[in-house]
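Morning, everyone. Please look at the model on the screen.

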Amino acid sequence: MSKPILLFAQPGSSKVNKTGSWRTMMPVFKHKDCTDCRICVTVCPDACVSGKDKIYNANLDYCKGCGVCAYECPVNDIDMVLEVK
Amino acid sequence: MKKLIEGSMAVAESVKRCRPNVVAAYPITPQTHIVENLAQMVADGELKAEFVNTESEFGAASVVLGASAAGARAYSTTTSQGLLLMAEVLYNIAGMRLPVVITCANRAISAPINIWNDHSDAMVIRDSGIIMLFAEDAQELFDMHPQAFKIAENPDIMLPFMVNMDGFILTHAFESVELSDQKLFDEFLPKFNPALKLDPANPITMGTLAEPKWYMETRYKLHETQQEALPLIQKTAEEFKAKFGRWYGGLIDTYRLDDAEIGFVAMGSLIGTLKEVVDDLRAKGEKVGVLKIRSYRPFPKKEILDVCKGLKQLVVFDKSFSYGWGSILQNEMRNCFYGSKHNPMISGFVVGLGGRDIPPSSIIKAYQQTKGKEILDEFVDVNWELVGVRR
Amino acid sequence: MADTIRPKKEKAAVEESLFTSGHRACAGCGEALGAKLVMDAAGPDTIVATSTGCLEVFSTPYPESAWRMPWIHSLFENSSAVASGVEVALKALGRKGNTKIIAQGGDGGTADIGIGCLSGMLERGHEILYVCYDNEAYMNTGVQRSGLTPFDAHTTTSPSGKISFGNQRPKKTLLDIAAAHNIPYAATASVAYPADLQRKVKKALATPGPTFIHLHVPCPLGWGYKAELTLEIARIAIDTGLFPLVEIEWGKVTRVRKITKDKKPVEEYLKPQSRFRHLFASEDGKKELAKIQAIADANIAKYGLV
């Protein structure tokens with residue numbers, strides 16, 4: 001007798017999928033005027049911005065370059081720049 | 001304890017002894033007495049289960065799906081239009097490998113609306129991957145449910161199981177049923193504790209999207225598991241017999257078939273009528289017997305070929321029809337013999353659609369017509385005047 | 001005394017979201033953001049049932065899953081019924097404890113094909129939070145009209161054309177439908193205000209009985225705006241009165257987000273979105289804009305938003 005194929009997936013296993021390759025624009029966190037409000041962390045649809053103590057960065061393995069963090073940053077401390085690959 | 005009870009009550013008494021954690025259902029004739037009895041058992045504290053009244057059969061099937069995925073023993077029951085409404089979910093339950101047990105009080109399908117018995121509803125989901133057995137009488141129904149849970153929940157099987165009973169003929173008829181003790185049930189049916197379930201301690205993802213790379217293997221496995229269920233269905237019936245002392249066949253059953261030349265084939269309550277007819281015909285010297293198909297999915301080809309070795313002819317009585325092609329069980333029987341060394345003549349009669357009465361005299365008449373002569377897809381006891389055909 | 005001194009709490013290391021990276025949502029997806037915010041507000045002791053749709057497809061192509069809590073997908077229209085089954089199973093097995101249950105689906109899976117199962121779940125009183133991620137059309141299949149597609153929006157099955165301004169019916173009143181089941185808590189929320197959304201999720205999950213959140217999640221692809229504007233578009237929807245933020249407890253409105261200071265004309269919401277482009281292409285379009293303004297004004301009056 002053989003076990004059924006269940007196609008259950010492991011929690012958080014999507015991380016093998018490096019969606020950073022989709023990106024054309026890249027966020028640059030300037031670390032100049034950051035107020036530690038963490039809005040960039042909160043609003044990232046890809047859960048890829050992290051950091052603490054006014055130093056935040058996007059994990060470029062996953063960042064799709066949507067620009068939401070840069071648009072929402074209240075002190076314009078994130079620039080979206082064309083990524084040269 | 002032997003008791004004169006309605007077939008629906010026999011089912012409820014059996015399901016109660018199987019200790020389901022969750023029962024979800026939607027009322028539909030002729031299934032209602034089963035759910036009413038189970039609801040009363042929960043209301044009286046006899047059955048410690050969550051009883052969920054859903055907004056539709058679709059909802060009921062989805063509730064037992066979710067309950068089973070969370071690790072509960074889950075049960076539902078329906079028929080006819082309700083089964084069709086469940087169809088999408090039942091395919092899903094089979095594909096997700098969840099061992100839900102449902103009882104189907106087999107009934108005709110609309111239109112025209114008709115609440116009486118045939119097997120058209122069950123045939124709609126025969127290709128879903130669900131295991132389907134047909135019971136002959138109230139005692140077999142009482143006995144089949146613990147076997148159903150045991151087979152479905154086997155870690156190597158993990159498939160839904162549908163117990164089929166003829167609507168009204170079995171649901172509403174009173175029969176004397178031996179209601180075996182809870183203790184025997186508990187010894188026979190182990191607790192359900194699946195290794196993987198929805199549990200925050202082990203947060204798996206169920207129901208993923210299978211791209212073409214993965215899908216076909218899962219479907220192959222459904223078939224492979226159905227095949228592996230064949231010996232288990234037989235073995236489980238034998239285990240049941242050893243513990244409870246009752247036997248209704250494993251995959252199939254036979255009656256006076258050993259030295260017969262012509263075998264009557266059917267499923268469900270019609271078997272009782274066929275046995276009577278066989279006794280009558282035997283008394284007149286006719287060499288006839290009965291082949292009861294107990295397991296319809298998986299279909300027991302090998303066992304059928306084995307017991308039919310000595311037969312010259314099979315006469316199949318179908319309670320369902322595939323419009324544009326032919327009667328369903330007859331075609332499946334024919335398929336069994338294709339390519340085998342032994343090739344008996346196979347006739348097929350359509351009987352009892354929408355609850356049309358099937359008196360022994362009609363069976364005998366069909367037998368007399370077809371003895372030695374192949375007749376296919378003949379609708380028995382049809383009012384040809386109403387159809388508009390002169391015969 | 002030494003044993004009374006507790007070690008100084010380190011500032012929490014970066015916590016990974018319960019809806020994690022690597023999912024295949026479009027850049028700037030409002031629904032993905034919504035799911036992340038809802039899950040992180042709910043916490044790990046939560047079981048989630050999700051309908052078929054964008055959210056399910058982009059998060060769980062086997063063998064990958066973006067979900068870090070127990071999660072199940074069955075069909076398009078039954079997440080609320082599957083969640084009901086999970087809830088009664090946990091109760092029957094004595095495993096309910098503090099475990100929370102969320103059922104969720106898109107606007108079509110909730111307000112159209114799934115409304116029967118949703119109604120059953122709400123009526124039966126299960127302890128489940130249902131979250132409808134409303135991106136206002138069937139996005140997974142290519143932007144077809146749903147019952148929650150707004151008036152005059154162009155979709156692939158309600159196209160604007162020579163004699164049509166697009167979808168000719170207003171949005172189904174989903175919040176009212178849910179609240180009419182006399183449930184303890186029903187609210188609208190938006191990804192525009194993450195803290196407000198997360199407060200509502202926590203409040204709903206802390207409330208015994210069935211609760212409901214109608215969550216506005218803009219879709220850059222289907223609505224036709226630049227991905228970076230997801231929150232901005234959602235904000236203007238609120239500020240125009242087209243998507244009021246409301247909380248209803250036992251059928252009574254208990255809290256609204258006032259837009260007295262921020263109130264904007266509907267053109268500001270419609271103009272950046274290509275699905276409403278046709279409204280600005282002709283003189284007749286102006287009459288349509290007036291109709292949409294009337295919808296917004298009716299919302300504002302109904303909930304006292306100014």
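This is a predicted model: local features need pLDDT of at least 70, side-chain atom pairs count only at pLDDT 80 or more; totals for chains, interfaces and linings use all residues.

Residues are numbered from 1 along each chain as its sequence is written, while chains are lettered from A and ligands numbered from 1 in the order in which they are written.

Back to the pair. Helix α1 covers residues 7-17 of chain B, and helix α2 covers residues 32-43. Helices here are DSSP runs (H or I, at least four residues), as are strands (E, at least two), numbered from the N terminus. The two axes come within 8 Å and cross at roughly 45°. Axes are lines fitted to C-alpha atoms, over the stretch in contact, and angles run from 0 to 180 degrees between N-to-C directions.

Who touches whom? From α1(B), the contact residues include B:Met9, B:Ala12 and B:Val15. From α2(B), they include B:Ile34, B:Leu38 and B:Met41. Contact means C-beta atoms, placed from the backbone, within 7 Å.

Now the chains. 17 residues of chain B are in contact with 10 residues of chain A. On the chain B side, α8(B) gives the most, with seven residues.

Last, the domains. Chain B is assigned domain 1 (2-244) and domain 2 (252-387); the bounds come from an automatic or database domain assignment. Their centres, taken over C-alpha atoms, are 27 Å apart.

Definitions and conventions: Two residues are in contact if their C-beta atoms, placed from the backbone, lie within 7 Å.
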